[in-house]
Amino acid sequence: MTTSAAGQPLIPQPPATVAALRQAIRQIAPAALPAFTRELDQAADQSRQGSDLAPLQRFIAQWTLYVHIQRRPDLAAGLRHWEKIAESGDAAQARQAAHE
């Protein structure tokens, strides 16, 4: 992963296109590339089967948000913190964290 000054994005926010998002993920979160590719294939299949662009639009929106968060290490760390609390299943801990 590329480094940045505290609170600064690692890269500019890319356009919401498959190619630009793939390049951004390659730079800031290469471990996510297999999931990106798998989900793109699924969205494309769903779009073809249903003759509907909604699955591809959801895919682009989801990965645009993912890149937006991952390009900011402080936001990514905060998200991982909240996900860890949510996954713990400890309601008291979740309530306490929500008050922070």
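Modeller: Happy to. The loop between helix H2 (33-50) and helix H3 (54-70) holds Ser51. Please keep in mind that this is a predicted model. The phi of Ser51 is near 50°, a positive value in a residue other than glycine. That deserves a second look, as most residues other than glycine have a negative phi. Is Ser51 buried or exposed? With a relative accessible area of 71%, Ser51 is exposed, because anything over 50% counts as such.

Now follow helix H3 away from that loop. Gln70 belongs to helix H3, whose residues run 54-70. Here the setting is another one: Gln70 has a relative accessible area of 11% and is therefore buried, the cut-off being under 20%. Which residues does Gln70 touch, once those up to four places away in sequence are set aside? They are Leu10, Ile28, Ala76 and Arg80.

Just after H4 comes Gly89, with a positive phi of about 75°. So there is a positive phi at Ser51 and another at Gly89, but Ser51 is the one that is not a glycine, and most residues other than glycine have a negative phi.

Stepping back to the chain as a whole, there are five helices and zero strands, giving the pattern α-α-α-α-α along the sequence. The C-alpha trace spans about 45 × 35 × 20 Å along its principal axes. The radius of gyration is 16 Å, whereas a compact globule of 100 residues would have one near 13 Å. Buried residues, Gln70 being one of them, make up 30% of the 100 residues. Of the contacts between residues at least 6 apart in sequence, 47% join residues at least 24 apart.

As for the surface, the accessible area of the chain comes to about 6500 Å², and carbon and sulfur atoms account for 57% of that. The chain carries 10 positive and 9 negative side chains, with the centres of the two sets 5 Å apart.

How values were computed. Residues are numbered from 1 along each chain as its sequence is written. This is a predicted model: local features need pLDDT of at least 70, side-chain atom pairs count only at pLDDT 80 or more; totals for chains, interfaces and linings use all residues. Side-chain values use heavy atoms; hydrogens and water are left out. Helices (H or I, at least four residues) and strands (E, at least two) are DSSP runs, numbered from the N terminus. The radius of gyration is taken over C-alpha atoms; the globule rule is 2.2 Å times the number of residues to the power 0.38. Buried means under 20% relative accessible area, exposed over 50%, partly exposed in between (1.4 Å probe, protein chains only). Contact means heavy atoms within 4.5 Å. Accessible areas come from the Shrake-Rupley method with a 1.4 Å probe; for residues, only the protein chains shown count as cover. Lys and Arg count as positive and Asp and Glu as negative; His and the chain ends are not counted. The place of a charge is taken as NZ of Lys, CZ of Arg, CG of Asp or CD of Glu.
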